[in-house]
Amino acid sequence: ILFFAWFAAEEDLVGSLASMSTNERIKAIQKMPETMRKKRDIRNKVLKEITKKSRHRGAHPSCCTQCLQGAAVSFRRFGNTLSEYFHLLRIWHKTLKIIGAEFGTSVLSYFVFLKWLINFNLFSFLINFGFITIPQFLAAEPNKLSFTGLELLTGAGYFQQTVLYYGFYTNATISKIKNGPSYNMQLAYIFTVGIYFVICFLILLISMAKSFYRNFINPQAVSGNASKLLCTWDFNITNEKAVKLKQKNLSTQIKENLSEVNKEVLDFSVMERVLRIGVHLLAWVASLGIAVAACTGVYFLSINNLELFMKGQRNDLESQAAMLVLPVIASLLNALIPFLLSWLGHLERFQTPGQHIYVTITRIIILKMSIVGILCYYWLNIVATSESQCWETLVGQDIYRLVLVDFIFCLLGSFFGEFLRRIIGTTVFVSLGRPEFDIGRNVLDLIYAQTLTWIGILFSPLLPGIQMIAFLIVFFVKEVSLRRNCQPPRKVWRTAQMMTSFIFLLFFPSFLGVLSVIGVTVWRLKPSEGCGPFRGLSSMYAAVSGWIKMLESYTASKWVVWIYHNLITSELFFFILSSIVLIVTYLYWKIIQQRKTVTKRLHEQLIN
C-alpha cells in the first residue's frame, strides 16, 4: 500500500511539473529538498512525460525545430557539466568551510578577503595584458641583455627591456597591415589604466554597498538563533563528513550570536576609568611616535638609495644588493612594528576582541600608509626630477622589489610568528599555548601589498599578475599555518561587519590615496624624454588633449568632444555628482541607523 501511495504521489508530481513552463519547472526542481541524483531522475521522467504527450497529440515538429531543441538540450547539458567542473576547480571552497567551522567567522573573514583580492588582481592582469601588453609584443624589439637570475630579486637588468616596465613600451601607432587598422599605444595605455581605475572604484563601492546591506540592512540577519538552528539546514547534504562540517559551522555561528546577546557591560570606578584612559593615550602616543620614526628612516634611506643608483648601474653583486636595501628595511619595519602595536593592544586590555582588532588595525594602517606616502613623495618629487634616463622604469623597479620582498617577509612572518611561537608555547613555555591568528596584522599586510600594486600599475602593467601569484601562495601557506600552528579565538565573538571594514580600508585611505598619486603623475609630471609611450609630451594627459583636438575636425566625433568639454573637464558636473553622492550617502546612513534601532528592539524582544 505504501509503495502504491508513493508511486501515485510521484506520478502526480511528474504530471504537475510537466504542465508547467520550462522556467517554472526548472525552479521547482531546484527548490526540492532532494539529492542531485534524485532531481535528475525527476527531470528525466518529466521530459519523458512531455515527449509522450506531444506524441499523443500528434505534434510532429519539423526537422529544423528538432535540431534546435537538440542543440538547446546539448548546450544546457554542456553548461551544467562545465559548472560542475568549475565548482571542483574552486579549490578554496572546502577550505573556507573548514576554517569557518573550526576558527569562526573572524578568521574566515581574512581568507574571504584574500580570495576577493586574488580575483581582483586576476581581473586587473587580464585587462592590462589584453589591451597593453599583447599589442606591444607586435612592435617589440629583441632583448639584447643577458639573464643572470638576480633579476628575479632586483627587477633590474634583463627585465628593463621587457614588457614588465613602462619604459619598454613604444609611443608609435602600431599597424601590421599597410593602410589597415592601427593601434595608438599612447591612448591605449592611458585609457586602459584610467578605465581600469574607474572600474575598480565602482567595484569597491558596489562591494561595500552589498556588504553593508548584508550586515546592516537585511532583516534576515536578525532572524534569531532558533530559526538558524531549525530552518537553515541544507537537505541536499548526504555525505557524512559534509554533515559534520555543517553541524560544526552552525554551532560556531550560534555561539558567536549568543556571545553578542550575553555581552557583559563592565562597570569601572572613576579611578579605573582615568587609569584606562591614561594607558590608551600612552599607547597612542607610542604608536604615533614609532610611525614618525619609521617614516623618517625610510625617507633618508630612499635618498641614499637614489644616490647609489645614480652613481652607475653596474651589474655586479654589490650593486644588485644595494638595490634591495630600501625594500628590505621598509618590509622589515612593516613586519616587526605591527607585532609591537599588537602587543600594545594586549596591554590596554580591551573589553572585547573586536575593539582590540579595530584599534590595532587603525594603528597599523597609519604606519603602513605613512610609509607608502613617504615613498610616493620620494618617487614623485625626487626620482621624477632626477637625471635618470627613464625615471618611470626606476619607480617600477622600486615597486617590484617592494612587492617581492614584502611577499618574502609575509612568508617569514608565518614561520617566525606562528610556527616558532607554537614550538615555544608547546615545549618551552607551556602556559603560553598555541598562538591565535592575528587578524589585524595579516589584513593590513594584504592592504599594503594591494596599495603597492595599484601604484605600480602605471609603471609596471604586469604587476597585478605577479601579485596574484603571490596572494595565491600566501593563501595556502596561511591556511596550512593556521590549521597546524594556531588555536581558535579564546573568546567567541561575532564579526558580521569585519568584511565591510576591510573593503572600506581598501577604499579609504588605500584606493583614494592611489588615485591622488596617479592623478599627480598623469597631469603634472613630465614623462621621460627617451622611453615609454609618452616620451616627448609635456604630460601623460597631453596625449588625450591632442586626441580631442584631432577629433574636433571630424563631424561624426562631435559628441565625444562635447562629453570631454562639458562633463570630463567641467567642475560644475563633478560638483553636482559629488553632491548627489553625499546626499545618497547621508540617506543610506539614515537607513542604517533605523535598521540598527529595529535590530536592537528585535534582539530585546527575543531575549524577553
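A cavity is a set of points, on a 1 Å grid over the protein atoms alone, where a 1.4 Å probe fits but cannot get out. Grid points are joined across faces, edges and corners, and a volume is the space filled by probe spheres set on the points. The structure is a predicted model, in which local features need pLDDT of at least 70 and side-chain atom pairs count only at pLDDT 80 or more, while totals for chains, interfaces and linings use all residues. Residues are numbered from 1 along each chain as its sequence is written, and side-chain values use heavy atoms, with hydrogens and water left out.

Figure 1. A search of the whole structure finds two cavities of 30 Å³ or more. The largest cavity has a volume of about 190 Å³. Its lining, meaning residues with an atom within 4 Å of a point, comprises 20 residues, and Asp406, Phe407, Phe409, Cys410 and Asp445 lie nearest the centre. Two or more lining residues come from each of helix H12 (325–348), H14, H15 and helix H16 (463–485). Helices here are DSSP runs (H or I, at least four residues), numbered from the N terminus. H14 gives the most to this lining, with six residues. By class, the lining of the largest cavity has eleven nonpolar, four polar and five charged residues. In this division Ala, Val, Leu, Ile, Met, Phe, Trp, Tyr, Cys and Pro count as nonpolar, Asp, Glu, Lys and Arg as charged, and the others, Gly among them, as polar. Cys410 is buried, with a relative accessible area of 12%; buried means under 20% relative accessible area (1.4 Å probe, protein chains only).

**Figure 2. Helix H15.** Helix H15 covers residues 439–456, which makes 18 residues. The expected span of a helix is 1.5 Å times one less than its number of residues. For H15 this should give 26 Å, and the end C-alpha atoms are 26 Å apart, which agrees. Because 18 of the 18 residues of H15 are buried, the helix is largely enclosed by the rest of the structure. At the start of H15, a side-chain oxygen of Asp438 reaches to within 3.3 Å of the backbone nitrogen of Arg441. Such a polar contact is a pair of N or O atoms within 3.5 Å; within protein, one must be able to donate a hydrogen and the other to accept it, and residues adjacent in sequence count only if both atoms are side-chain atoms.

**Figure 3. The second largest cavity.** The second largest cavity has a volume of about 40 Å³. Its lining residues are Trp284, Ser287, Leu288, Ala291, Leu341, Arg363, Ile366 and Leu367. The lining of the second largest cavity divides into six nonpolar residues, one polar and one charged.

Figure 4. A disulfide is a covalent bond between the sulfur atoms of two cysteines. The rule applied here asks for a pair of cysteine sulfur atoms within 2.5 Å, and by this rule the count comes to one disulfide. Cys390 is joined to Cys531, with an S to S distance of 1.9 Å. The link of Cys390 and Cys531 is right-handed, with 90 degrees about the S-S bond. The pair links distant parts of the chain, 141 residues apart: Cys390 is in the loop between helix H13 (353–383) and helix H14 (391–428), and Cys531 is in the loop between helix H17 (498–523) and helix H18 (542–551). Cys390 counts as buried at 14% relative accessibility, and Cys531 counts as buried at 6%.

**Figure 5. The second largest pocket.** A pocket is an open set of grid points with protein on both sides within 12 Å along at least five of seven lines. About 2000 Å³ of space lies in the second largest pocket. The pocket is lined by 48 residues, of which Phe197, Val198, Phe201, Leu515 and Phe574 lie nearest its centre. H7 gives the most to this lining, with 14 residues. By class, the lining of the second largest pocket has 41 nonpolar residues, six polar and one charged.

**Figure 6. Ser331 in helix H12.** Ser331 is placed in helix H12 and is buried, with a relative accessible area of 1%. A polar atom of the Ser331 side chain lies 2.8 Å from the backbone oxygen of Pro327.

How values were computed
Buried means under 20% relative accessible area, exposed over 50%, partly exposed in between (1.4 Å probe, protein chains only).
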